[in-house]
Amino acid sequence: MSTGFSFISSLLLIACFSHSYAYAEYQSLGKSAEQLSTQAEWNLTITPDGKGLPIGKGSSAQGTKIFAMKCAGCHGPAGIGGSAEPLVGEVGSLTSEYPEKTINSYWPYATTLFDYIRRAMPIDAPFSLSANEVYALCAYLLSEDDIIPIDQELNEENLPQVSMPNRDGFIAIFPDKY
Amino acid sequence: MIKPTDSRRQFLQKIALGSAFAGTFSLPVWAAQTKLSLSDDLPEWMKTSGKGFSNYGQPSPHEQQVIRWISANPDALGNGVSWTPLHDLQGTITPNGLHYERHHNGVPQIDPTQHTLLVNGLVDKPLSFDVASLLRYPMISRTCFIECGGNSNSGWRTNPIQSKAGYAHGLVSNAEWTGIPVRLLLQEAGIKTDAKWVIAEGADGAALNISIPLEKLLDDALLALYQNGERLRPENGYPMRLVLPGWEGILNVKWLRQLRLSKQPAMTRDETSQYTELQPDGTARQFTFIMEAKSLITSPSLGMMLPDNPGTYQLSGLAWSGRGKITRVEISADGGDTWTDAELHGPILDRAFTRFSLPWHWQGDYSVLQSRATDETGYVQPTRNDLVANRGTYGFFHYNAIVSWEITETGDINHVYGI
């Protein structure tokens, strides 16, 4: 009886004196993940400064072949005309009557291309491409609209340096304009 | 055109009184029960044992038409959406089997014993959490809507789409989510002072990643483990997902595997090439997180018809706002010339569906039904003309204009663009 009463009392005390009593007492159960955090599979995100890019290289010529084998089924033989949205062309179309948001007309950073292809493409086999193959696909897609020269090999050093045509086309609504 | 609430009550009272008198003057009930056997007059299901118990209940087979409408890429069946049939539902809670879906590469079949959540980046000590541990944390429940940023995007087209209400506007659903305040997990790892963003990543076949302002995760974000009382459905993120009340669906990352604190957003595909809104001047709005106030009459709506002319109909619909509570919904039956306040059904919750209704006496004339929501910040749902004037028609995302249903003289219902 008295045990029960004091148990209730302690709950009331927590309720009265703690601002967010629901969280007043809980056990921290996170495990140290220093080691895990260094592993590649937990460092997939690539930022515009190139951080996270793996070592590798690829050319447009190599990318053309990979694209035909692994991408053209959905994206069309030259990156347009498939069931997926067009990937290339239409640079400068954003202010036209029929704007088209392709990689080369719309995407602000080339690093995003590597990040996205590696994690999500081909859609039936994500993470199946090697780093070199992803660099090659980036080189192929970017060279289609002369964003890089057709003979330029892309690697972890020069991919972040690629200047995308719509780099300054975005206006951040958060946080200032709410 | 719209009868005020008082006249509705009087109308209903008269009907009730009429029925009472009719009962008094008809034959007594027992007089009809003098037959030896009732069996001829009773339905089959009253004359036999019913079915046995079930481990997990299913809707009546007579409700099989109440389904999500799937729209997926034929070359990649896991890339697409399914729409909640808002026009077939009442109340405010979306049943778990009907919650809308947006998947970028299908629904991963995750073994919870093999799933890890990693909190790392700009933290004092990176931490990993397994599902069994997370189930021991203190949890709260929060009823809120989740809406895809691309919901209602057919509204940008030149011609109004002739789809049922839910199959044009049902990339939004409302559920009670139960889980752990995300801030508890971030605080356990120790947030470094230069952390401003968090890159969330899913464990699906797209490893979907997106940047979220840290302040939202410290405010009201949940790591949800339960949906309407049961563990998350696989298509809604099992074993765990983010729920960010009022913010666009893409940020509510399903199958969450990582929260990586950083100084800057990562500029991922889904915050640059997608979920940004191209404007007529060629610039695009980015990081448009809040889903603005919106409402929709779900009944009557396209695909239904008005059987009685004249007749009284209960106009019913849903309103919601990513900024807070709905404070007012007005209804027009004349395409926006005159407006009447609808009744809001409580409890009115912050950033959750609010059901509204209004009885309407239809006289058989051409009508255009509209609803217009206002939220507690004073934001008023825009007309389509105003929205298009501000944004153009190539924004694709964040379409929240007033929806108009045309009622023809024969009681048919079409989707039209109002003012």
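1. Start with chain B. Buried residues account for 47% of its 419 residues. Buried here means that 20 or more other C-beta atoms lie within 10 Å of the residue's own; exposed means 12 or fewer, partly exposed is in between, and C-beta atoms are placed from the backbone. The C-alpha trace of chain B spans about 80 × 60 × 40 Å along its principal axes.

2. A word on the model and its labels. This is a predicted model, in which local features need pLDDT of at least 70 and side-chain atom pairs count only at pLDDT 80 or more, while totals for chains, interfaces and linings use all residues. Residues are numbered from 1 along each chain as its sequence is written, and chains are lettered from A and ligands numbered from 1 in the order in which they are written.

3. Confidence in chain A needs a look. The pLDDT (the predictor's confidence in each residue, from 0 to 100) averages 89 over chain A, and 85% of the residues score at least 70. A contact means that the C-beta atoms of two residues, placed from the backbone, lie within 7 Å. Where pLDDT is low, the predicted coordinates should not be read in detail.

4. Secondary structure next. Chain B has 7 helices and 24 strands. Chain A has 7 helices and 4 strands. Both kinds of element are DSSP runs numbered from the N terminus: helices are H or I with at least four residues, strands are E with at least two. From the N terminus on, chain A reads α-β-α-β-α-α-α-α-α-β-β.

5. Contacts along the sequence. Take contacts between residues at least 6 apart in sequence. In chain B, 72% of these join residues at least 24 apart. In chain A, 59% do. Of the 178 residues of chain A, 33% are buried.

6. Chain B contains an open sheet of 3 strands. Its order is β1-β2-β3, with antiparallel pairing. Strands pair if DSSP finds at least two bridges between them. β1 (69-73) and β3 (101-103) of chain B are the edge strands; each has a single partner strand, so one side of each lacks a neighbour in the sheet. From one strand to the next, the twist averages 30 degrees. The axes behind such angles are lines fitted to C-alpha atoms, for helices over the stretch in contact, and angles run from 0 to 180 degrees between N-to-C directions.

7. The pairings in that sheet can be checked residue by residue. β1(B) and β2(B) run antiparallel and share 5 bridges. A hairpin links them through 2 residues. N73(B) stands opposite A76(B) in β2(B). Strand β2 (residues 76-83) of chain B is also joined to β3(B), antiparallel, by 3 bridges. There, G80(B) has H103(B) as its bridge partner.

8. Chain B splits into domain 1 (78-285) and domain 2 (294-416). The bounds come from an automatic or database domain assignment. Taken over C-alpha atoms, the centres of the two domains are 27 Å apart. Across the boundary, 29 residues of domain 1 of chain B are in contact with 30 residues of domain 2 of chain B. On the domain 1 side, β6 (140-147), α3 (165-169) and β14 (277-278) of chain B each supply at least two residues. The largest share, 3 residues, comes from β6(B). By class, this side divides into 12 nonpolar, 15 polar and 2 charged residues. Ala, Val, Leu, Ile, Met, Phe, Trp, Tyr, Cys and Pro count as nonpolar, Asp, Glu, Lys and Arg as charged, and the others, Gly among them, as polar.

9. Now the chain interface. It brings 52 residues of chain B into contact with 44 residues of chain A. The chain B side has 24 nonpolar, 19 polar and 9 charged residues. Strand pairing also crosses between the chains. Strand β4 (residues 170-172) of chain A runs parallel to strand β15 (residues 284-286) of chain B, with 3 bridges. F170(A) stands opposite A284(B) in β15(B).

10. One residue of chain A to inspect is L137(A). It sits in helix α7 (residues 131-143) of chain A. L137(A) counts as buried because it has 26 C-beta neighbours inside 10 Å. Beyond its neighbours within four places in sequence, L137(A) is in contact with G63(A), I66(A), F67(A) and I117(A). S105(A) is 32 residues from L137(A) along the chain, and their C-alpha atoms are separated by 17 Å.
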